[in-house]
Amino acid sequence: MRVGIVGAGFMAQTHAAAWVKTPAEIAGIHSIDRESAKRLAGAYDTRTFESVAALLRDVDVLDICAPTHLHHEMTLQAAAAGKDVVCEKPLGRTLDQAREMIAACDKAGVKLLVGHVVRFFPQYALAKEAVDRGDVGKVGVVRLTRCSFQPRGTGGWFMDSEKSGGMMLDLMIHDFDYARWVAGEVESVFTRQVRSRHPDAPGDYALAILRHTNGAISNVEGGWAYPPPLFRTALEIAGDKGLIEHPAGSSDPLEVYVQASGSGERPSVAAPSSPTTESPYDLEIRHFYDVLTGAVTTPRVTAADGLVALKIAFAAIESAQTGKRVSLKEFA
Amino acid sequence: MRVGIMSFAHLHAEGYVYNLRAIPGVEIIGLADDNPVRAAYFAQQFGLRQFESYEALLAEKPDAVIVCSENARHLPLVKLAAAAGAHVLCEKPLATTVADAQAMIDVCRAAGVQLMTAFPMRFSPPVMEVKKLVDSGQLGPVYGCNSANQGSLPRAHQAAGMPDLGRDWFVNKALAGGGVVTDHVVHLADLLRWILQSEVVEVFAETNQVFYGAEVEVETGGLVMLTFANGTFASIDCSWSKPPYYPTWGGLKMELVGENGLAVVDAFKQTITLYNEAAGRPRWLPWGSDANQGMVAEFLAAAHENRTPAITGFDGYQAAAIVAAAYQSAATGEPVAL
């Protein structure tokens, strides 16, 4: 299997590090940031391509680690070329884009896999497994937190809402997807967000209350407001027969406190880190590899899941803007 | 200072006995309770004089009383106390309706007695510390707060080996006023008003009855979103989501996110963990300061000086109004303006 990676930033580097642990071959890299593409290609002994079209001619799978607003066009190109697609989350910048991406891949008979990597974080996967086993009984209240400092990304695209869709679409979508995974379909969303009222606020922060169709409720916290390099995630699932807790920092097996040295420049993007033999990204890419080869028939997260996560995120954004509770029915 | 205790329906009454006894110059003249079993049990337990009736207790002219009746029965006792000229510390929530809260304020004002709402968390040292941090401006303007005041089902307040003390009213809609929204929204709503120095202008709530759904008639899970006049928003998880086999009863947490960063308060985190063979499960034993002590001391000082206490009837009224709005929102699915 020959994989072509689009992008050369944090996520492309992370995916490349995961792909080399599979039998797949990284056949090439394309990025508008040529220097970064060259460095990444050099690190994995592969070559760079001048365009997505050129890359597509030489690969079986396109792994899209480009900014969100580019997912749509690149996926359509890949589908037209009859190539399978691995796409970073969020699936698309708009719902229409995501729908078109799914339709195009269906029509072309190629696979479309979306990188909702939280489902591959061991603690999140384990909690889901426990819930499915009935360890907590019927789920009543879910609490999810994911906050970091402001990411930059190449050219600062994360902070450009036209490109990234903003904090709720880029970051909170992880937990919108996870809440739905453990507590079932989402019926409505009520949100408060700093940037929806104060677009020029230095940071962004939001709280969302989800109602699930089975009666469960979820509190989802997201933010790009912490001082770097702080990144905290937390997970709590309370049911009528049990409780799962994973507070922020509660299971960090390694704590390091050293004198600062060098420039002290903050990282471009925050990613939670808890040392494991295989990183969550390794597990995700390994799973995608197995799905692409047909060894695994049902992906842990489908493009349809990615579309629903996007719907919840857009409902959350609409709620923050209108101040009203927003029903998911509006996004049918 | 002569103090009477009106009803032991709320378990906090026991703690207040210790708090009162820790303050020099305070005499507990006794207790009255409309539940005779409860009255006799706690009179014996604490060596307190048991009065036949609330009227009999008030006839002894206490300087102040603490009202610990069922939530819905605060108003008649506060009326009696005010008429007898006693300053009142009333257990939270002040009232189960906004009208009752207003009536308590009015009757105390007319009688010239002080009315304080029992919001002890304002005297919790970790909470006081974060209030200082916000006041200092170090956190910057506060964007929002992710908070939780979770607990176990308060029906469990009836401990093994006790006679039936009639303390299952926490899950009785008529006597408690409701479930988790009544029980566990007011502390954080009050703390946030106090810390932010801003009033709540809008309330949204989602509730459910997944925990103990078949056993009780009130909501047992709840998430409430408050929006303040200054633009800060806060979610409150008020659920009885801590199971009876949890290491402690619950807790109170606030994660305040501001322009300059994050402050996390876990008010009951000062514990040691005990693994005990007989208990069969870990227990968190608290060693932090008792917030009730500061609250009771402030009440007695305000009563002694006949001045407005640090926490007023109006604070209790505002919390009651937020709770009422939360129920309205839960019923309609719409945010409710205050």
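Me: How much area do domain 1 of chain A and domain 2 of chain A bury between them?
Reply: The model is predicted, and the values here are computed from it. The domain assignment of chain A gives domain 1 as 2-115 and domain 2 as 118-281 + 301-331. The contact involves 21 residues of domain 1 of chain A and 24 residues of domain 2 of chain A. Carbon and sulfur atoms carry 70% of the buried area, and the area itself is about 2,000 Å².

Me: Which residues in domain 1 of chain A lose the most area to domain 2 of chain A?
Reply: The C-alpha centres of domain 1 of chain A and domain 2 of chain A lie 24 Å apart. On the domain 1 side, three residues together account for 29% of what that side buries. They are A:Lys89, A:Arg93 and A:Leu95.

Me: Which side chain meets A:Lys89 in a salt bridge?
Reply: Across the interface of domain 1 of chain A and domain 2 of chain A, the rule finds 1 salt bridge. A:Lys89 is in a salt bridge with an N to O distance of 3.6 Å. A salt bridge requires these atoms to be within 4 Å, so the pair counts, and the partner is A:Asp170.

Me: Which elements of chain A each supply at least two residues of the side of domain 1 that touches domain 2?
Reply: Across this interface of chain A, 4 residue pairs are in polar contact, with both residues at pLDDT 80 or more. The side that domain 1 of chain A presents to domain 2 of chain A has 12 nonpolar, 5 polar and 4 charged residues. The elements asked for are α1 (10-19), α5 (95-108) and β5 (112-115) of chain A.

Me: How many salt bridges does the rule find across the interface of domain 1 of chain B and domain 2 of chain B?
Reply: In chain B, the assignment gives domain 1 as 2-119 + 294-310 and domain 2 as 121-290 + 320-337. These two domains of chain B bury about 2,200 Å² between them, 62% of it on carbon and sulfur atoms. B:Lys92 is among the residues of domain 1 that lose the most area to domain 2 of chain B, and B:Lys92 forms a salt bridge with B:Asp183 at 3.2 Å. For the interface of the two domains, the number of salt bridges is 2.

Me: From which element does the largest share of the side of domain 1 of chain B that touches domain 2 of chain B come?
Reply: Between the two domains of chain B there are 15 residue pairs in polar contact, both residues at pLDDT 80 or more. On the domain 1 side, α1, α2, α5 (98-111) and α10 of chain B each supply at least two residues. The largest share is 4 residues, and the element is α2(B).

Me: Is B:Phe42 buried or exposed?
Reply: B:Phe42 is found in helix α2 of chain B. Leaving aside neighbours within four places in sequence, the residues in contact with B:Phe42 include B:Phe8, B:Leu31 and B:Leu165. B:Phe42 has a relative accessible area of 1%. The cut-off is under 20%, so B:Phe42 is buried.

Me: What separates the C-alpha atoms of B:Phe42 and B:Glu14?
Reply: B:Glu14 is one of the buried residues of helix α1 of chain B, and what covers the buried residues of that helix includes α2 (36-46) of chain B. B:Glu14 and B:Phe42 are in contact. The two are 28 residues apart along the chain, and their C-alpha atoms are separated by 8.2 Å.

Me: How many residues of chain A are in contact with chain B?
Reply: The two chains bury about 3,200 Å² between them, 62% of it on carbon and sulfur atoms. There are 7 salt bridges between them, and in one salt bridge A:Arg211 pairs with B:Glu206 at 2.7 Å. Chain B gives 41 residues to the contact, and the number from chain A is 43.

Me: With which side chain does the side chain of A:Gln193 make a polar contact?
Reply: A:Gln193 is found in strand β7 (residues 186-193) of chain A, and A:Gln193 is buried, with a relative accessible area of 11%. Contacts of A:Gln193 include A:Met168 and, in chain B, B:Phe233. The polar contact spans 2.8 Å, and the partner is A:Asp204.

Conventions:
Residues are numbered from 1 along each chain as its sequence is written. Chains are lettered from A and ligands numbered from 1 in the order in which they are written. Side-chain values use heavy atoms; hydrogens and water are left out. Buried means under 20% relative accessible area, exposed over 50%, partly exposed in between (1.4 Å probe, protein chains only). Contact means heavy atoms within 4.5 Å. Buried area is the accessible area (1.4 Å probe) that two parts lose on being put together, summed over both. A polar contact is a pair of N or O atoms within 3.5 Å; within protein, one must be able to donate a hydrogen and the other to accept it, and residues adjacent in sequence count only if both atoms are side-chain atoms. Domain bounds come from an automatic or database domain assignment. Ala, Val, Leu, Ile, Met, Phe, Trp, Tyr, Cys and Pro count as nonpolar, Asp, Glu, Lys and Arg as charged, and the others, Gly among them, as polar.
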